[in-house]
Every structure is written in C-alpha cells, then in structure tokens.
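Hi,

Here is the structure I promised to pass on. Have a look at it first, and then read my notes below.

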Amino acid sequence: MSDPVLLAFVGIPILLAAALVWGAMVSWRRAGAERAAVRRIGVLTLVASAAWMTVTWAVAASGILTDWQRTPPPFGILVLAIIALGFGLAFSRLGTRLATCLPLWLLVAVQGFRLPLEVAMHAMYERGVMPVQMSYSGRNFDIVTGVTAIAVAWLVWSGRAGHRLVLAWNVVGSLLLVNVVTVAILGTPKFQYFGPDHVNVWVLRPPFVWLPAVMVLAALSGHLIIFRALRRSSTPSSLKTRTSH
C-alpha cells in the first residue's frame, strides 16, 4: 500500500464513502432535521457503506468471483447488485435528500474522482495488470467525465453556466460510463470479445474489486442523482431553494 497507484484503488473508495456520509448529514441538516436525526443518518450511512465494502472485499478475497463455470457467474451477480444498488440509492430517501439539499455544482464536482481513477487505471495497464481496452489508450474514455466534471462544477458554482450545460454533461458522462462498463463485461472470460490476451480479470481480486463495487456504483448513482436534481430544480420554487445554497 506504499505504492501510490495501488493506494488509489483503496483511498478513492474510502473518500467516496466518507463523502456520502458527509453529504447525508449535511442534506439532513439542511432539510431541518434535528441533531439526533442528523447523527443517526450519518451512522447508518457509515455502517451501510462499511458493510458493503467489507463484503465485496471478502468475496473477492475468497476467490469466488474467479469462478466462471457457474451460471450465472458470481461476477455477473455482483454487476447486477451494483446496478440495483446504484438505482436504489439514487431513488431512495437519501438520494432524494442529496438531490434536493446539496448544490448542483457539488454533485457534479464529486464525479471528478474519475480523473485520478483513470490515471491510476492507465498505470495499471502500463504495468501489465489491466488490459488495454480498459484504459484511455484503448476503449475507455471516462477520463473525459473526470476532467470536465471539475470544469463544469466551477462554471456552475461561479454562475457562468446553468442547468443546460449540466444536463448535457450528465448525459455524456452517463453514456461514457455505460461504454466502459460494457467494455469491462465484454472483456471477461465469459465473452473474451477482445481476445484471450486481453481478458478483464484484474477486478476480481482486492483491492481492485472496489473499482466496480464502489467507484462504478458512485458514478452510476451520482449521475442518477444529478438527473433528479435537474428535474426537481426545473420548478421555480425548487430553483429558488437551490440557488440559495
């Protein structure tokens, strides 16, 4: 873990979990909740995040995800669980509070984590750990989302841009996420679409399992929450409330 590249696959997920806990507490407080309720949601979010990260790490460490003889393969079940959790979080009470009580620029800025992530992933490709199609030298263009998230967040925060830019950015970012997830799935031993020399198995072990289990989950739920925030802020009353933050 002294390797900064390897540390990125642990540090970024932990920071994302911490950001979720912070966001939950802030959004509850801005919604007018009492201190006890704010502490409660913080603890619940922390426990749930820690439990998910612990379970996915343990499952990957056990080697279960490397079994491709089962139907469906365990990794396929994990992917479905990530998608379900992403939608579940975005459309839960917590997702609603995040979409309505946090400023839009902040929701966009969080997606900037994809910039250092993509840099670390490219380093893994250069080391021969990750297949080329998963990097920006191949078919993964998610680094664009990370770079532009910072720029778009600043433009919105400074008042130089509005909801139309965020909507366009969010659509493009969502499509790029779908692209990289599709590339990842097609590269698994089940499909080997890119050939037997470019099989995507590196995320089946810790710490790299947190790439799909935490970081893809954060990207997916984050885009959905931004869509919800844009929809809610389209009404005059919601827009007034949001701009006051």
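Predicted model: local features only at pLDDT ≥ 70, side-chain atom pairs only at ≥ 80, totals over all residues.

Setting aside residues up to four places away in sequence, His223 contacts Gln111, Arg114, Thr145, Trp169, Asn170, Gly173, Ser174 and Leu177. His223 sits in helix H9, which covers residues 210-232. With a relative accessibility of 2%, His223 counts as buried.

Two of those partners, Arg114 and Thr145, turn up again where H6 meets H7. H6 is residues 114-126 and H7 is residues 143-157; their axes come within 7 Å and cross at roughly 150°. The crossing of H6 past H7 is left-handed. On the H6 side, the contact is made by Arg114, Leu115 and Glu118. H7 brings Ile143, Thr145, Gly146, Val147 and Ile150. Sorted by class, that contact has four nonpolar, two polar and two charged residues.

While you are on H6, click on Ala120, which lies in that helix. Ala120 is buried because its relative accessibility is 7%. Beyond residues up to four places away in sequence, Ala120 touches Val5, Ala8 and Phe9. The C-alpha atoms of Ala120 and Leu6 are 7.7 Å apart, although 114 residues separate the two along the chain.

Phe9 leads on to the core. Which residues touch the most other members of the largest nonpolar core? They are Phe9 and Trp202, in a core of 68 residues. H9 supplies the largest share of this core, with 14 residues. Again leaving out neighbours within four places in sequence, Trp202 is in contact with Phe9, Met121, Met124, Val129, Met130, Pro131, Phe208 and Leu211.

Now the rings: there are seven aromatic pairs in the structure. One of them is Tyr193 with Phe194, with centres 5.1 Å apart and planes at 90°, so this pair is edge-to-face. Are these two buried or exposed? Tyr193 is exposed, with a relative accessible area of 56%, whereas Phe194 counts as buried at 17% relative accessibility. Trp202 and Phe208 also have ring centres 5.1 Å apart, but their planes are at 45°, so that pair is tilted. Both Trp202 and Phe208 are buried. Together with Phe9, they form one aromatic cluster.

Finally, some backbone details in the loops. The peptide bond from Pro206 to Pro207 is cis, with omega near 0°. Pro207 lies in the loop between H8 (163-186) and H9. Gln192 is in the loop between H8 and H9 too, and has a positive phi of about 50° despite not being a glycine. At 34% relative accessibility, Gln192 is classed as partly exposed. There is also a cis peptide bond from Thr71 to Pro72, where omega is near -5°. Pro72 belongs to the loop between helix H2 (35-62) and helix H3 (74-90).

Cheers

Notes: Residues numbered from 1 in each chain as written. Heavy atoms only, no water. Axes fitted to C-alpha atoms, helices over the stretch in contact; angles between N-to-C directions. Helix = DSSP H or I, 4+ residues; strand = E, 2+ residues; numbered from the N terminus. Left-handed = near helix turned anticlockwise from the far one by under 90°. Contact = heavy atoms within 4.5 Å. Nonpolar A, V, L, I, M, F, W, Y, C, P; charged D, E, K, R; others polar. Buried < 20%, exposed > 50% of the residue type's maximum accessible area, 1.4 Å probe, protein only. Core = buried A, V, L, I, M, F, W, Y, C linked by side-chain atoms within 4.5 Å. Phe/Tyr/Trp six-rings, centres within 6.5 Å; stacked < 30°, edge-to-face > 60°.
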